[in-house]
Amino acid sequence: YNCEVAINGEAGETPEPGAILGEWTGNYIVKGNPILQEDGALRPFLSFNRNNKGTYFEAKLVDTANTPDRYNTIWGRFDVLVDNEVVPDPQQRSYTRTVMGIDEAGKTLYLMIADGKRPSYSMGLTYEECGKIMKSLGATNAMACDQGGSTAMYVKAVNGLINRPADSDGQERPIYTHFGVSL
């Protein structure tokens, strides 16, 4: 889609018909076309309408409707910031992270990645640290997406990845969802 910026959504193989996607599935709509609608009580998601106004759906809300306000939708794994409150992280485990957030008006999107799993380079962030950073930047709601070896951010202006993915010797690996921003 000629993206200027893109981050990974969820790890795994391509969602071909009959493919097993594991426990990490949720709502995924691309240009008004539902790809997956499998929201559960543990999956937050972020939707954008045709005018790019974002709406955040925290994990505890289960909603699989396909409405006009959900032109582009992607799910996450965990809430890290809900209504300007950082969500406590009982594990306090630093790890590689991919995070998406929006401001209260739904007009500003925040994308963040944190490399990790490499003690000599970066240990990563806890979910709570991710929530605090997103809040400090101006986000009101934010979710952690995939984490671990597939965490990657592509920026067209620098012709590729801007981080060092933890797996595959720092190379991007195949995953089945991405979130991209095009102009």
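Lys and Arg count here as positive and Asp and Glu as negative, while His and the chain ends are not counted, and the place of a charge is taken as NZ of Lys, CZ of Arg, CG of Asp or CD of Glu. On that basis the chain carries 17 positive and 23 negative side chains, with the centres of the two sets 3 Å apart. This is a predicted model, in which local features need pLDDT of at least 70 and side-chain atom pairs count only at pLDDT 80 or more, whereas totals for chains, interfaces and linings use all residues. Residues are numbered from 1 along each chain as its sequence is written, and side-chain values use heavy atoms, with hydrogens and water left out.

**Overall fold**
- The chain contains 1 helix and 14 strands, where helices (H or I, at least four residues) and strands (E, at least two) are DSSP runs numbered from the N terminus.
- Along the principal axes, the C-alpha atoms fill a box of roughly 45 × 35 × 35 Å.

**Burial**
- Of the 183 residues in the chain, 48% are buried, meaning under 20% relative accessible area with a 1.4 Å probe and protein chains only.

**The open sheet**
- An open sheet of 5 strands runs in the order E8-E7-E11-E9-E10 with antiparallel pairing, two strands being paired if DSSP finds at least two bridges between them.
- Strand E8 (85–86) and strand E10 (109–114) stand at the edges with a single partner strand each, so one side of each lacks a neighbour in the sheet.
- Strand E9 (residues 97–102) pairs with strand E11 (residues 141–147) in the antiparallel sense over 5 bridges, and glycine 101 stands opposite alanine 142 in E11.

Terms used
Buried means under 20% relative accessible area, exposed over 50%, partly exposed in between (1.4 Å probe, protein chains only).
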